[in-house]
Amino acid sequence: MPKWIRIALIILFSALFLISAFMISQYYINSHKQTEQFDKLSELVVQDRPTRPPIPAQTEPSPTEPVPTEPVETEPPGPLPEYIEVSALNPDMVGWIQLEGTKLDYPVMQTPNDPEYYLHKDFYGNYSSHGCIFAEEFCNIDLPSDNITIYGHNMKDGSMFGILRNYRSKSYWENHRYIYFDTLYERHTYEIFAVFTTTATKGKGFAYHQFVDADNQEEYHKFITECQSAALYDTGITPHYGDKLITLSTCEYTQKNGRLVVVAKRIA
């Protein structure tokens with residue numbers, strides 16, 4: 001091999017190495033900055049956050065459960081004390097999500113006129129590879145809708161919705177089965193009943209994100225049945241018509257355009 005080719009290859013590989021090293025360093029720098037930012041926001045919340053009450057015992061509803069009546073929209077009360085200061089920093093914040101026994105503890109954003117605005121933006125609207133946790137634009141957070149779909153990146157460092165990949169294991173679910181999702185006005189607890197993977201490729205996967213409000217009991221039960229049929233394991237939990245749901249969605253890499261989905265029902 002001519003000397004000039006060897007020199008050219010050395011320069012090329014050196015350049016590729018430097019570029020890769022720079023990109024990796026930027027990832028970890030951004031990850032550190034994002035963690036610091038959310039830690040500071042969490043500090044504003046924790047100082048006023050009350051202790052969560054014990055998880056209530058769950059009982060199966062009567063077979064003659066009443067059909068839910070149409071909710072009536074009313075003027076919401078003032079924000080919960082723990083969210084007053086942090087929500088004043090950004091009016092796009094519509095709630096806060098925590099996952100029992102994990103470091104998942106983040107504000108939830110929603111921008112109906114620009115649905116994926118926070119896909120690559122931090123809490124203050126600056127570029128971020130981590131983005132923010134954000135809700136589907138069609139969901140009414142405060143009413144609420146029958147199902148609220150919430151998105152977040154599956155980050156390699158375990159931040160954002162990276163922790164959700166642990167739910168492939170039933171034993172992990174058994175020890176982390178509760179989600180705390182608060183609106184700015186109400187505190188709520190949800191119990192995970194299904195974990196599944198699918199593809200977001202149009203016409204091929206389970207379009208779980210399209211279920212927002214059920215027109216009737218049959219449509220509601222159809223969604224629950226599809227979730228349970230796709231589930232990686234049986235949790236023994238079946239929501240009933242009228243139970244409010246949240247669906248956590250993140251990327252999944254064992255299939256093209258894959259999604260890992262965790263669905264929970266409100267229990268308190």
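1. Let's start with helix α2, residues 81-89, which lies across strands β1 and β5. Its direction runs at about 125° to that of β1, the strand spanning 93-99. Please keep in mind that this is a predicted model.

2. Helix α4, residues 217-230, also packs on the sheet. The strands touched by α4 are β4 (147-151), β6, β7 (245-252) and β8 (258-266). Relative to β6, the direction of α4 makes an angle of about 65°.

3. Now to the sheet itself, a closed barrel of 8 strands with mixed pairing. From one strand to the next, the twist averages 30°.

4. Y178 has E191, in β6, as its bridge partner.

5. A residue I would pick out is Q98, found in strand β1. Is Q98 buried or exposed? The relative accessibility of Q98 is 14%, and because the cut-off for buried is under 20%, Q98 counts as buried.

6. What surrounds Q98? Setting aside neighbours within four places in sequence, Q98 is in contact with R49, R52, L104, D105, I179 and Y180. With R52 there is also a polar contact between side chains, at 3.3 Å. For a distance across the sequence, take Q98 and D182: they are 84 residues apart in the chain, while their C-alpha atoms lie 8.7 Å apart in space.

7. Stepping back to the whole chain, you will find 4 helices and 8 strands. Read along the sequence, these elements follow the pattern α-α-β-β-β-β-α-β-β-α-β-β.

8. Some totals may be handy for your own calculations. The chain has 268 residues, and buried ones make up 43% of them. The accessible surface of the chain comes to about 14700 Å², with 56% of that area belonging to carbon and sulfur atoms. As for contacts between residues at least 6 apart in sequence, 65% join residues at least 24 apart.

Conventions
Residues are numbered from 1 along each chain as its sequence is written. This is a predicted model: local features need pLDDT of at least 70, side-chain atom pairs count only at pLDDT 80 or more; totals for chains, interfaces and linings use all residues. Side-chain values use heavy atoms; hydrogens and water are left out. Two strands pair if DSSP finds at least two bridges between them. Helices (H or I, at least four residues) and strands (E, at least two) are DSSP runs, numbered from the N terminus. Axes are lines fitted to C-alpha atoms, for helices over the stretch in contact, and angles run from 0 to 180 degrees between N-to-C directions. Contact means heavy atoms within 4.5 Å. Buried means under 20% relative accessible area, exposed over 50%, partly exposed in between (1.4 Å probe, protein chains only). A polar contact is a pair of N or O atoms within 3.5 Å; within protein, one must be able to donate a hydrogen and the other to accept it, and residues adjacent in sequence count only if both atoms are side-chain atoms. Accessible areas come from the Shrake-Rupley method with a 1.4 Å probe; for residues, only the protein chains shown count as cover.
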